[in-house]
Amino acid sequence: MRWEAQEPKAAGAEDALLALQGVVRSVRTPEFAGITFHEVIAKSALNKVGKTSGMPFGWTINPYRGCSHACVYCFARKTHTYLDLDAGMDFDSQLVVKTNVAEVLRRELARPSWKHEHVAMGTNTDPYQRAEGRYKLMPDIIRALAASGTPFSILTKGTLLARDIPLLKSAGQDTEIGMGISLALLDPDLAQRVEPGTPTPKARLELVSRLRDAGLPCSVMAMPILPWLTDGDESLDALFGALAGAGATGVTAGALHLRPGAREWYLSFINREYPQLAGKYAQLYSGGSYASKEYRQWLAGRVNFFKKKHGFTSKAEFMPLRKAGAEAGQAAAKAGGDASTPAASGASAAGKLSADTLF
């Protein structure tokens, strides 16, 4: 693979990256046509999630910013605007890589005040997007977390995760881990439209099976369900049936929500690809980021029906609750675990993650 290293230039999108501390170089390669990787030296790896966030985890790690999966509905799109990049094409093509993230993480985990709370990965951008095949950041991250006895979870659409199955099995001997695959539709043509940079639905189903065959738990995040595109009975029946057949240990499903940034990008996609639905979407999301209460209640009923039909009766989660992470930390402390609490990277408002949390 041939890579071209470049100094960040004061032109277009790259101009904004000059303001980002720690940029070492910008890189392009023919294998990633149209994508620029901005390699940075990170000062921190662990990001604190505020207790009022409503999130079931206390810390996150995001080795990448931006995502080549290019999902038109991605809620994290607005986070790119904090770099003075746009939430559309720049989010898909101007990617930030924290090349030293594992080294920094090991130092943070070694501090005496670290309480071994649960750490979530894949909460903003996918840690197993295609760039991971080049940079190989996740293996050392997993090793660092496992060695410190820190429980963690990974949510991904990336089948590159299969590379690390032996490592994850080993990590599971040292700490509690959770695995989640993001898959909310089966139609390969629709998938190519709404999430063009992701592995196919078939490939992700096969990944679920591989994880289960390896003895690892694997829940599925069937989100977002897209109004008028994937919320019909035939689609939901086929999806939950396929997930059951692949051996998924649980499923979480819910309706599309459109935060600022994602809202504009997704609705422009609807206007372009499905203009007959534009008026319906405008009405359904007229109250803000979330679909109407009536729609969400209706969808929840259909989801529950098909979950029960296909045997998903338990409330299996792919990540432990914050309390479980705290209990794990207390147990590790009693066992003589040695780690620390990094300084909080930022605060978060109720129900939302802050910019620092996501990064």
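These notebook entries record what I looked up about salt bridges in this predicted model.

**Entry 1: the count.** I began with the total, and the count comes to 12 salt bridges. Side chains of opposite charge can pair when their charged atoms come close. I then took individual pairs in turn.

**Entry 2: D92 and R77.** I found a salt bridge between D92 and R77, whose closest N and O atoms are 2.9 Å apart. D92 sits in helix α2 (residues 89-93), while R77 belongs to the loop between β6 (64-65) and α2; the two are 15 residues apart, and the pair links distant parts of the chain. I also looked up their accessibility: both D92 and R77 are buried.

**Entry 3: R193 and E273.** I noted that R193 and E273 form a salt bridge at 3.7 Å, N to O. This pair ties together parts 80 residues apart in sequence, because R193 is in helix α7 (residues 188-194) and E273 is in helix α10 (residues 262-273). R193 is partly exposed, at a relative accessible area of 40%. E273 is likewise partly exposed, at 31% relative accessibility.

**Entry 4: D233 and R302.** I recorded a salt bridge joining the side chains of D233 and R302, at 3.0 Å from N to O. Since D233 lies in helix α9 (residues 233-246) and R302 in helix α12 (residues 293-309), the pair ties together parts 69 residues apart in sequence. D233 has 37% relative accessibility and counts as partly exposed. R302, at 21%, also counts as partly exposed, because buried means under 20%.

Key:
Residues are numbered from 1 along each chain as its sequence is written. This is a predicted model: local features need pLDDT of at least 70, side-chain atom pairs count only at pLDDT 80 or more; totals for chains, interfaces and linings use all residues. Side-chain values use heavy atoms; hydrogens and water are left out. A salt bridge is a side-chain nitrogen of Lys or Arg within 4 Å of a carboxyl oxygen of Asp or Glu. Helices (H or I, at least four residues) and strands (E, at least two) are DSSP runs, numbered from the N terminus. Buried means under 20% relative accessible area, exposed over 50%, partly exposed in between (1.4 Å probe, protein chains only).
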